[in-house]
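Visitor: I would like to learn how to read a protein model. Where do we start?

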Amino acid sequence: MIKGLVTSQREAVIRVAVIGAGGWIHEVDAVIDTGFDGWLSLSSSQIANLGLPFRSRGRAMLADGSEQLVDMHEGRVIWDDETIRIVVDAAETAPLIGMSLMHGFRLTADIVEGGEVTIERL
């Protein structure tokens, strides 16, 4: 089970362990975004610091309906005590957890400041 908290800005946030190219683990606080169908987004500087290899470019539809080209990188995270391979999108926003990473899990959140967020395997 993965646990997090709801912030004063009403964002559900969890800490995710991203594995860098050298095998070291970097923990990132990421906002859960149910409108993001990808895996994980990180800033280009975080991706560079982690040494994540470039995979391809793709199109992303933003919340305002516009499209943007994004760089996609290969990554690994520790998710529910397992190391898994994912795609990391470069986005100059707060780190985001998308629906692909949460596929096969149940998300619950108490939407009050300091409320509990839980993600558990189905």
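**Reading the model step by step**

Guide: We start with charge. The mean positions of the 10 positive and 18 negative charges of the protein chain lie 5 Å apart. Lys and Arg count as positive, Asp and Glu as negative, while His and the chain ends are not counted. Each charge is placed at NZ of Lys, CZ of Arg, CG of Asp or CD of Glu.

Visitor: What kind of model is this?

Guide: This is a predicted model, where local features need pLDDT of at least 70, side-chain atom pairs count only at pLDDT 80 or more, and totals for chains, interfaces and linings use all residues. Residues are numbered from 1 along each chain as its sequence is written, and side-chain values use heavy atoms, with hydrogens and water left out.

Visitor: How many helices and strands are in the protein chain?

Guide: First, the terms. Helices (H or I, at least four residues) and strands (E, at least two) are DSSP runs, numbered from the N terminus. The protein chain has two helices and 10 strands. Their order from the N terminus is β-β-β-β-α-β-β-β-β-α-β-β. The radius of gyration of the chain is 14 Å, close to the 14 Å that the globule rule gives for 122 residues, so the chain is as compact as a globular protein of that length. That radius is taken over C-alpha atoms, and the rule is 2.2 Å times the number of residues to the power 0.38. Along its principal axes, the C-alpha trace spans about 35 × 35 × 25 Å.

Visitor: How do I read burial?

Guide: Look at relative accessible area. Under 20% is buried, over 50% is exposed, and in between is partly exposed (1.4 Å probe, protein chains only). In this chain, buried residues make up 39% of the 122 residues. Now take strand E2. Seven of its eight residues are buried, so E2 is largely enclosed by the rest of the structure.

Visitor: Is Val 16 buried or exposed?

Guide: Val 16 is buried, with a relative accessible area of 1%. Val 16 sits in E2, which covers residues 12-19.

Visitor: Which residues does Val 16 touch?

Guide: Contact means heavy atoms within 4.5 Å. Leaving out residues up to four places away in sequence, Val 16 touches His 26, Glu 27, Val 28, Ala 30, Leu 40, Val 77, Ile 78, Trp 79 and Ile 97. Val 16 and Asp 29 are 13 residues apart along the chain, and their C-alpha atoms are separated by 6.4 Å. Over the whole chain, residues 24 or more positions apart account for 51% of the contacts with a separation of 6 or more.

Visitor: How do I read strand pairing?

Guide: Count bridges. Two strands pair if DSSP finds at least two bridges between them. E1 and E2 pair in the antiparallel sense over three bridges. There, Leu 5 stands opposite Val 13 in E2.

Visitor: How many bridges join E2 to E3?

Guide: Seven bridges join E2 to E3 (residues 25-32), and the two run antiparallel. Ala 17 stands opposite Glu 27 in E3. Val 18 has His 26 in E3 as its bridge partner. E2 is also joined to E6 by three bridges, again antiparallel. On that side, Ala 17 stands opposite Ile 78 in E6.

Visitor: Do E3 and E8 run parallel or antiparallel?

Guide: Parallel. Two bridges join E3 to E8 (residues 96-97). The bridge partner of Val 31 in E8 is Leu 96.

Visitor: What should I look for in the loops?

Guide: Arg 10 has a positive phi of about 65° although it is not a glycine. Arg 10 is placed in the loop between E1 (2-6) and E2. That hairpin has five residues between the strands. The hairpin of E2 and E3 also has five residues between its strands, and there Gly 23 takes a positive phi near 90°.

Visitor: Where does Asp 81 lie?

Guide: Asp 81 lies in the loop between E6 (67-79) and E7 (82-90). Its phi is positive, about 70°, although Asp 81 is not a glycine. Asp 81 counts as exposed at 75% relative accessibility. Arg 10 is exposed as well, at 69%.
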